[in-house]
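Subject: Structure handover

Hi there,

Here is the structure I promised to pass on to you. Have a look at it first, and then read my notes below.

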Amino acid sequence: MVPTNYYLLLSAILFGLGIVAFVFKRNIITIFMAIELMLNAVNLAFVAFSQALGRPDGEVFVLFVIIVAAAEAAVGLGIIILTARNRRSLNVENVNLLKL
Amino acid sequence: MSAELVIFFVLAGIAVFGAVNLIVQRHPIHSALSLIVVMVALAGLYLLMGAEFVAAVQIIVYGGAIMVLFIFVIMLLNAGEEERTNFSKLALYAGIPLAVAVTGLIAASMVGSKAAAALPAAAPDTLTSTRALSTLLFTEFVYPFELTSFLILVAILGAIVLAQREN
């Protein structure tokens, strides 16, 4: 029997590592993967709460999060391909069109 | 220490190791493979909690579809090693403590709250079956469920429009 708190703590740790990866990585694809990592951390918290409360609502939400993540991955990777084609680089520091 | 707790700590260790490896590795394909490790470990944790349908979807959709898409794009763009850029010292000395602080804040607010402490441990015998999940999905959440099919359609169209060559 694993206490629910352990799952929540693991979820928070994975979310924090996702933030660190998002901020410190310079490759645009890796930054996108950091977003997926954070979504996964949130899913873990959803399932943990769902099991603790004995209601399947949280798992339904996890399914929705996975669907939205799939849609996001399709569009996001399309944008990445377009950016890489225009800038000839995957480094986010070269993507500064909106910078003042 | 019960067997479930041992399995939990092994899977949690694998997940955290994969997430740290994602940050440490400099080649995007290594980061992608680390992320797959995290996702498979999380699927194992879902199984441990008794959410077997979510575990299967996690492996099929996340580990299968989404990560294959990532690896396709990495190979398509021939992504090489990440370039080291000299990011500011401020980012190093303020960013890492801030990231730790944010993690601690989230953990403290979720774990330390009275509501979370009152929650019972995830009991395998109260597991929600796939039948209960699908009943809920097709009755109470049927409109959001239909909307997601529309979302996927729009996303496919958007991806095609974005990625096609202009000439």
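In this predicted model, the centres of domain 1 and domain 3 of chain B, taken over C-alpha atoms, are 23 Å apart. The domain assignment for chain B places domain 1 at 1-80, domain 2 at 88-117 and domain 3 at 128-167.

Next, the contacts between the chains. On chain B, 71 residues are in contact with 62 residues of chain A. Helices H1 (3-24), H2 (28-49), H3 (52-76), H4, H6 (130-139) and H7 (142-163) of chain B each give two or more residues to the side that touches chain A. H2(B) makes the largest contribution to that side, with 11 residues. By residue type, this side of chain B has 58 nonpolar, 10 polar and three charged residues.

Is Leu90(B) buried or exposed? Leu90(B) is exposed, because its count of other C-beta atoms within 10 Å is 8, and 12 or fewer counts as exposed. Its C-alpha atom lies 32 Å from that of Ala12(B), a residue 78 positions away along the chain.

Arg88(A) follows H3(A) and has a positive phi, near 55 degrees.

Happy to talk any of this through.

Best wishes

Key
Residues are numbered from 1 along each chain as its sequence is written. Chains are lettered from A and ligands numbered from 1 in the order in which they are written. This is a predicted model: local features need pLDDT of at least 70, side-chain atom pairs count only at pLDDT 80 or more; totals for chains, interfaces and linings use all residues. Domain bounds come from an automatic or database domain assignment. A residue is buried if 20 or more other C-beta atoms lie within 10 Å of its own, exposed if 12 or fewer, and partly exposed in between; C-beta atoms are placed from the backbone. Two residues are in contact if their C-beta atoms, placed from the backbone, lie within 7 Å. Helices (H or I, at least four residues) and strands (E, at least two) are DSSP runs, numbered from the N terminus. Ala, Val, Leu, Ile, Met, Phe, Trp, Tyr, Cys and Pro count as nonpolar, Asp, Glu, Lys and Arg as charged, and the others, Gly among them, as polar.
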